[in-house]
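Biologist: I've got the sequence and the fold up on my screen and would like a guided tour. Can we go through it piece by piece?

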Amino acid sequence: MKIAIGGIFTESNQFSLNPITVNEFKRGGIFRGSEFYEASVPSIRGCIEGLNEENAEIIPLLYASASPGGKISLDTFEELYSDLMARLRQNMNLEGLILNMHGAAVLENGSHLDSAMLERIREELCKIPIFITVDLHAYITENLVRSCDAILAWNTYPHRDMFDIGKKAAKLLSRTIRGEINPKMVFSGVNVITSAINASTDGPGPFAKLMAEQLKAEADQDDILSTSLFLCQPYLDQPNMMSGSLVISNNDLHKAQRLSYEFAEKYWNKRVEFLSETKSAIQVLDSLKSEEYDHHVLVEASDCCGGGAIGDSVHTIRQLMRLNSDQKSLSIVVDPKAINQLRDKNIGAIVKLKIGHQADTKWGNPIEDNFEIIDKSAGLFTYQGGIWGGETGDMGLSYLVKKSENYILINSKPTYEWAGEQYHAMNLDLNNYKYILVKNPMNYKNLKLTGRTKYHRIDESGPTPIDVEKLPFTKSKEFFPKNLEEKMMIRQYL
Ligand SMILES: [Zn+2]
């Protein structure tokens, strides 16, 4: 049983001017052929373990991943895709294919990368089963559902189960090839598009409840092979964007239709619970004065690199500097222009710097002030977990500067935040700071802080707002909460 594995994995934000080129994939990691066996990428390791357990012959093609950003250049996509397909074509007696994708990547010409790629592959490999794994924040399209036999999404957010889902896909595909099962897949999408701020799968939130209930339905019924629950990544501008439920049954299309519809309806009924009150940096910092905590974690979710932002907002940093507390603050910002001003300067030097909003000026204005250089680093670190767990992160040449008690880590390149790796790369102990700025709306839960800690959500002007109604969508408009009077609309793809 010869099964090929591969994938092109990244996530786009269509409101961010942060193009993804081949350099971002080189920075994120490209593995070809036997290099797969050296990869720490959890989804790839899961596939390999599952296929080994099923005694399959593994044909590793190409797996390329890049930190989220804007759209992917066409040249980059064609280069990676043709490399993957050239390797695939050398093995025309393949019996199956697994691709580890994200599901919310967009090409420079505005088309959905994942759908476009799977359509092309399906045309060429019309007879063999094709399975894909995706993030639960994927954008599911009719063409994507038609172009593959099974879509399996991760079930955790923060994302921790990429290995398990890779392995599950490998096992289900092997059983399909042996004729033991016959997967029938239905996606039921519902017109709810919100940010993911209340969509953790831990704790008591609406997404966690729906996920637990759906996974129980899967566990209780032998003929349900897999279920996935999607919160469509809201920073896309694509037609028919929907969240919803995808069910794969064993040879029972009606059952998959019924169960996925039932969960899409439940999703709609919980829609209001996905909304969150939003506060600006000024509102949050002005309300802190009377509170007694050891740490205030300031989550500026509207500038999240994990959602495709450049990471160059200084909205919260500006308010920390205005607050001028005698307690230390630690902040992060991506700004290659500021790094250029710092290059060649020595530690201890005082430098007049312009920081923030210099790559995409529409979200705010830079800070200009004199800062002291405290430290610098080449910017490499190892991810402690998550999608790139075990892999190297590269935030580029980075400087730690300070003004009074405000310490600012300036990176050259955007990187996905998981557990404070960017700060740890500079040997900083977060427990020494009263105020800590992070930008991922969910993964700050992985920070290990001692003492009483309060978390604050900040929504400012930026490409990954909590309040998605702020965004200028042009392709999908009829969804809750863009229009609070919106009626439920469920669409099924099979
Ligand atoms: Zn995600």
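Biologist: How many bridges pair β16 with strand β17, and in which sense?

Modeller: Bear in mind that this is a predicted model. β16 and β17 make a hairpin with two residues between them, and Ser404 in the turn has a positive phi of about 50°. Across the pair, Leu400 stands opposite Leu409 in β17. For β16 and β17 (residues 406-411), the pairing is antiparallel, over five bridges.

Biologist: Which residue of β16 is the bridge partner of Ser377?

Modeller: β16 (residues 398-403) is also joined to strand β13 (residues 367-377). Five bridges hold those two together, and they run antiparallel. In β16, the partner of Ser377 is Ser398.

Biologist: Let's move on to the sheet with β7 in it. Which are its edge strands?

Modeller: That open sheet has four strands with antiparallel pairing, in the order β8-β9-β7-β20. From one strand to the next, the twist averages 15°. An edge strand pairs on one side only, and here that goes for β8 (224-230) and β20 (490-493).

Biologist: And what is the bridge partner of Ile224 in β9?

Modeller: β8 pairs with strand β9 (residues 243-250) in the antiparallel sense, over six bridges. Within β9, Ile224 has as its bridge partner Ser249.

Biologist: Do the buried residues of α8 sit on the same side or on opposite sides of the helix?

Modeller: The buried ones in α8 are Ala256, Leu259, Ser260, Phe263, Ala264 and Tyr267. What covers them includes α7 as well as β7, β8, β9 and β20. The face turned away from that buried side carries the exposed residues His254 and Asn269.

Biologist: How far does α8 reach from its first C-alpha to its last?

Modeller: α8 has 17 residues, and at 1.5 Å a residue you'd expect 24 Å. The reach in the model is close to that: 24 Å.

Biologist: Now helix α3. What is the arc that holds its buried residues?

Modeller: In α3, Thr76, Phe77, Leu80 and Leu84 are buried. On the other side, Leu74, Asp75, Glu78, Ser82, Ala86 and Arg89 are exposed. Looking down the axis of α3, the buried residues line one face of the helix, because they fall within an arc of 95°.

Biologist: What covers the buried residues of α3?

Modeller: First, the helix itself: α3 (residues 74-89) has 16 residues that should span 22 Å at 1.5 Å a residue, and its end C-alpha atoms are 22 Å apart, which agrees. As for the cover over its buried residues, that includes β1 (2-9), α1 (22-28), β3 (57-65) and α4 (113-124).

Biologist: How many residues of domain 2 are in contact with domain 1?

Modeller: The chain is divided into domain 1 (2-274) and domain 2 (281-465). Their centres, taken over C-alpha atoms, are separated by 31 Å. On the domain 1 side 26 residues are in contact, and on the domain 2 side 28.

Notes. Residues are numbered from 1 along each chain as its sequence is written. This is a predicted model: local features need pLDDT of at least 70, side-chain atom pairs count only at pLDDT 80 or more; totals for chains, interfaces and linings use all residues. Two strands pair if DSSP finds at least two bridges between them. Axes are lines fitted to C-alpha atoms, for helices over the stretch in contact, and angles run from 0 to 180 degrees between N-to-C directions. The expected span of a helix is 1.5 Å times one less than its number of residues. A residue is buried if 20 or more other C-beta atoms lie within 10 Å of its own, exposed if 12 or fewer, and partly exposed in between; C-beta atoms are placed from the backbone. The arc is that of the directions from the helix axis to the C-beta atoms. Two residues are in contact if their C-beta atoms, placed from the backbone, lie within 7 Å. Domain bounds come from an automatic or database domain assignment.
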